[in-house]
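This briefing is meant for a reader who is meeting the structure for the first time. Please keep the sequence and the 3D view at hand while reading the points that follow.

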Amino acid sequence: MFTSKLPEVGTTIFTRMSQLAAQTGALNLSQGFPDFDGPQALRDAVGRHIAAGHNQYAAMTGLPALREQIAAKIARSYGRQVNVDSEITVTPGATQAIFCAIQTLIHAGDEVVVFDPSYDSYDPAVQLAGGRCVHVPLALPDFAIDWQRLSDALSPRTRLIIINSPHNPSGALISAADLDRLAALIRDRNIYLLSDEVYEHLVFDGVRHASVLAHDELYQRAFVVSSFGKTYHVTGWKTGYVVAPPALTAELRKVHQFVSFCGVTPLQWALADFMGEQPQHVDELPAFYQAKRDLFCDLLADSRFTFTRTAGTYFQLADYSAIRPDLDDVAMAEWLTREHGVATIPVSVFYQQAPKDLRLVRLCFAKREETLRQAAEKLSAV
């Protein structure tokens, strides 16, 4: 009889809520994707490269021209000089990069520390590698690392810690001081780090993103994952990359080559062109998305939802305790979709064991102004 390797995994909440939004005609603020296109010059470049015949396999490690642009961006943003050939690997999406990094490091019986609420791909990837996730809840209400709980969670079996900043779903940020504290905690242990930084350029209110790429000590034992889809508003292109020291990169590529081998060639050419021609795009992103955050939050100010403006990502959490405290957040998300025409994501699904009194939903504001105004009007009427 067939036995599932992931018996507890079903259809993701993101798929379910997007399907429900489509069925009911609700505005979809659930799954994290923009309802607007990426830059015109970037989209035009794809057609140009398809017409030019750039349609065969790219290098397994990624198109050299794109890796060069990634290295240039890392140098500008974080002051680190990375080797184009031995430290950068382009992947078909950041989730694939995360999966390959976990398969690279984790052996049967290893433990991986993840912080709840956490992105839903971490735990299944660890299970498939034969490891076990140790879930450490972030401290509420600001979703900060509870350093005592983290220290208590470490054991001789701990092989990897996964961090995510800016954090999905909360938008919380890890600071440079946090990275220093983490480095001190694992300095004398054989523990590696996976830093999920896909929202690295979506940090608001003048705060700078604290990247592991800028931390000399942690980088030596880290995989750092980024996403072109998030940065260039093209989530459907499923293109990302992972940066790691040469020895770790060499091992990751052994896995990557048998998962997908390479990413989509004309998309890589287009991204390389656009990054070279418009490097300022990443510098303009914080103001672009902060304007959307502020518009949406201003429009919700008189609603019965309560919230603190998110510090990063394109997600805003909203507490509905004053509206339907009788509903858990999954029921609330379904009720908002069916009865009020706005699809959201319940935050409890990001936990192994969510607090019983959690009354939070996640709203995506990577939307056109018209969409945000319509959604806010519906939510303010609840």
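Strand S7 (residues 222–227) and strand S8 (residues 240–243) run antiparallel and are joined by four bridges. The coordinates come from a predicted model, and the protein chain as a whole has 14 helices and 12 strands. Its radius of gyration is 21 Å, close to the 21 Å that the globule rule gives for 382 residues, so the chain is as compact as a globular protein of that length. Along the principal axes, the C-alpha trace of the protein chain spans about 55 × 55 × 55 Å.

**The seven-stranded sheet**

- In general, the strands of a sheet pair through backbone hydrogen bonds, and this pairing is either parallel or antiparallel.
- Seven strands make up an open sheet whose order is S2-S8-S7-S6-S5-S3-S4, and the pairing within this sheet is mixed.
- At the edges of this sheet are strand S2 (88–91) and strand S4 (132–137), each of which pairs on one side only.
- From one strand to the next, the twist of this sheet averages 20 degrees.
- Helix H3 (residues 64–78) lies across S2 and S8, and the direction in which H3 runs is at about 120 degrees to S2.

**The three-stranded sheet**

- Another open sheet is formed by three strands in the order S9-S12-S11, with antiparallel pairing.
- Strand S9 (315–319) and strand S11 (345–346) are the edge strands here, each pairing on one side only.
- S9 and strand S12 (residues 360–364) run antiparallel and are joined by five bridges, and the bridge partner of Phe315 in S12 is Cys364.

**Helix H4 against helix H10**

- Two packed helices are described by the angle between their axes together with the distance between those axes.
- For helix H4 (residues 94–105) and helix H10 (residues 246–259), the axes come within 9 Å and cross at roughly 115 degrees, and the crossing in which H4 passes H10 is right-handed.
- On the H4 side, the residues that meet H10 are Gln96, Ala97, Phe99, Cys100, Ala101, Gln103, Thr104 and Leu105, while H10 contributes Leu248, Glu251, Leu252, Val255, His256 and Val259.
- Sorted by class, this contact of H4 with H10 holds nine nonpolar, four polar and one charged residues.

**Helix H1 against helix H13**

- The axes of helix H1 (residues 13–24) and helix H13 (residues 329–340) come within 9 Å and cross at roughly 25 degrees, which means that H1 is roughly parallel to H13, as angles under 35 degrees count as roughly parallel.
- H1 passes H13 in a right-handed crossing.
- Arg16, Met17, Leu20, Ala21 and Thr24 in H1 meet a set of H13 residues made up of Val330, Ala333, Glu334, Thr337 and Arg338.
- The classes represented in the contact of H1 with H13 are five nonpolar, two polar and three charged residues.

**Helix H3 against helix H11**

- H3, the helix that lies across S2 and S8, also packs with helix H11 (residues 265–277) at an angle of about 35 degrees, and the axes of the two helices are 8 Å apart.
- The crossing of H3 and H11 is left-handed.
- From H3, the residues Ala65, Leu66, Gln69, Ile70 and Lys73 meet Gln268, Trp269, Leu271, Ala272, Met275 and Gly276 in H11.
- This contact of H3 with H11 consists, by class, of seven nonpolar, three polar and one charged residues.

**Backbone features in the loops**

- Most residues other than glycine have a negative phi, and most peptide bonds are trans.
- Asp116 and Pro117 are linked by a cis peptide bond with omega near 5 degrees, and Pro117 is placed in the loop between strand S3 (111–116) and helix H5 (122–128).
- The peptide bond that joins Ser165 and Pro166 is cis, with omega about -10 degrees, and Pro166 lies in the loop between strand S5 (158–164) and helix H7 (176–186).
- Phe143 is not a glycine, yet its phi is positive, at about 55 degrees, and Phe143 is found in the loop between S4 and helix H6 (147–153).

Definitions and conventions. Residues numbered from 1 in each chain as written. Predicted model: local features only at pLDDT ≥ 70, side-chain atom pairs only at ≥ 80, totals over all residues. Heavy atoms only, no water. Axes fitted to C-alpha atoms, helices over the stretch in contact; angles between N-to-C directions. Left-handed = near helix turned anticlockwise from the far one by under 90°. Contact = heavy atoms within 4.5 Å. Nonpolar A, V, L, I, M, F, W, Y, C, P; charged D, E, K, R; others polar. Pairing = 2+ DSSP bridges. Parallel < 35°, antiparallel > 145°, perpendicular 65-115°, else oblique. Rg over C-alpha atoms; globule rule 2.2 N^0.38 Å.
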